[in-house]
Amino acid sequence: MRALFGQLLVGLINGSFYALLSLGLAIIFGLLNVVNFSHGALYMTGAFAAWMGLHYLGVPYWGALLLAPLAVGLLGVVIERTMLRRLYQLDHLYGLLLTFGLTLIIEGLFHHQFGNSGNGYPVPELLQGGSDLGFMFLPRYRAWVVVVSVAVCLASWFVIERTRLGAYLRAGTENPRLLQAFGVNVPVMLTLTYGFGVALAGFAGVMAAPIYQVSPGMGSSLIIVVFAVVVIGGMGSIFGSIVTGLGLGLVEGLTKYLYPPAASTVVFIIMALVLLVRPAGLFGRQK
Amino acid sequence: MAASAPVLRIRDLNAFYGESHVLHGVDLEVAEGEVVTLLGRNGSGRTSTLRSILGLVGRRTGSIEIRGRETVGMAPHRIARLGVGYCPEERGIFASLTAEENLLLLPKVGDAGMSVQEIYAMFPNLEERRRSPGTRLSGGEQQMLAMARILRAGARLLLLDEITEGLAPVIVQALGRVVLQLRERGYTVVLVEQNFRFAAPLADRHFLVEHGRIVDMIPRDALSSRTEQLHRFLGV
Ligand SMILES: Nc1ncnc2c1ncn2[C@@H]1O[C@H](COP(=O)(O)OP(=O)(O)OP(=O)(O)O)[C@@H](O)[C@H]1O
Ligand SMILES: [Mg+2]
């Protein structure tokens, strides 16, 4: 029993990261039509920003939680303004290739500077320890990660579905040219959306730092699964990416309990099945 | 017709979609408070003229002045903010927004915007349907919504592309009453129409468009004497 709940908790933690990352990917793909391959590298950058902040500048976890996403978001703004913007008229493939190239560069730079090994990041004092729930031991930091990720996802969903800002985003996703002809500064919207999407990745990176080792490769191992999550949920579906992210994390956890050897492939098996049955994804609109 | 400077002055406008050259020197002037139509056969370049005014074509050369401001080279959102409202041919209602979100979406482009109350008085159906997803509305309701949102935004120069297309006669009549009301309130309207019977009583002047050019103009009072010419031109 304890083993099952333990695995489900690990699944939920992973699912929280899948959800945060695929949410950003979905928002970016929806509005910019760019498959942001560099999402994983920017998640890693967020984690390193927290780590460097702590070691070089003494910025604590709480500061990093705010500053690292901001830094990553700014980096995103620069990437969009100087590079991505030039590719919108072209096929998606070019955006994918550009962001893939950026991934190699960013990861290469961190490899060069920090080598391959992981760097530990301490759990902040306030969130150390945990409590025994009877059926499982719940580390406080892990509970925090799940609660905050879900809260951030739900808040993003709320903003997108229920506010005026979100209405701009939805309308821009449908028809950016027309939205601009109505007087909305769509180019700035694109920049800020990319910045926000990658800031979410940076935020996930900071959250992940105390759980996983901070290392240059941490993003690329995660992003492959996240892409599978996005495909399963439906490219561009906001709600779909949140639910699918959490759900697949749980499925992975459950598989680890029931049949550990399949745990790392189950997501891809589901992806293949979904592609066969519903090519637009579970929550995507069938074209 | 007002004597003031034109709201819209187009000189030698050429427009291109990629390699294809669709407008070949359009000249057009519309005065404040005027209602004009662009009449022509399919593919003559009427939609392209409206899209050029908004900066929605690939490339354009020549001059398009809106209230004296040159707009060739301006980004579309800046052009809209000069008080231009656009009803596209395909209506452009956003499916992922409710009717009311569609109505409230547009930023203010002028300070003469109608209040939501005025809008609902003018288009009572929209109030009933305000929580429905935009594209669940009937064709007529979507057209009303497409008009309503630019009026709420405060546009005073309205570019309306085939607003009667595919709609039932009662709805067409209702739209006619709306355009008449706008005319009385001093809006400037450029109407692209196939339905000449709809457009005739509304407009001050009719511009005939052919092969991406304006080839003739018929003022309202010459209409009866030139009906036959017009019918021949439109091929009806
Ligand atoms: N996106 C586009 N790319 C290339 N050519 C286009 C495009 N849109 C229109 N055209 C061409 O431009 C010419 C003018 O088209 P436009 O849509 O302006 O005509 P129209 O007078 O509005 O007619 P209708 O709406 O009845 O088709 C046509 O020959 C059309 O094929
Ligand atoms: Mg047309």
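At 42% relative accessibility, Asn33(A) counts as partly exposed, a class that lies between buried (under 20% relative accessible area) and exposed (over 50%), with a 1.4 Å probe and protein chains only. This is a predicted model, in which local features need pLDDT of at least 70 and side-chain atom pairs count only at pLDDT 80 or more, while totals for chains, interfaces and linings use all residues. Residues are numbered from 1 along each chain as its sequence is written, chains are lettered from A and ligands numbered from 1 in the order in which they are written, and side-chain values use heavy atoms, with hydrogens and water left out.

Asn33(A) has a positive phi of about 65° although it is not a glycine, and it is found in the loop between α1 and α2 (39-57) of chain A; helices (H or I, at least four residues) and strands (E, at least two) are DSSP runs, numbered from the N terminus. Most residues other than glycine have a negative phi.

## His211(B)

In chain B, His211(B) also has a positive phi, of about 50°, although it is not a glycine. His211(B) is found in the loop between β9 (205-210) and β10 (213-219) of chain B and is exposed, with a relative accessible area of 61%.

The protein donors of the magnesium ion (ligand 2) are Thr47(B), through OG1, and Glu89(B), through OE, lying 1.8 to 2.7 Å from it; donors are N, O and S atoms within 2.8 Å of the metal (3.2 Å for Na, K and Ca), and sites may look incomplete since water is not among the atoms. Thr47(B) lies in helix α1 of chain B and Glu89(B) in the loop between β6 (84-87) and α3 (99-105) of chain B, 42 residues apart. Thr47(B) is buried, with a relative accessible area of 19%, whereas Glu89(B) is partly exposed, at 30%.

Thr47(B) and Glu89(B) are also among the residues that come nearest to ligand 1, of the 14 around it. An oxygen atom of ligand 1 is 2.6 Å from an N or O atom in the side chain of Glu89(B).

Conventions:
Near = heavy atom within 4 Å. Polar contact = N/O pair within 3.5 Å; in protein donor to acceptor, adjacent residues only side chain to side chain.
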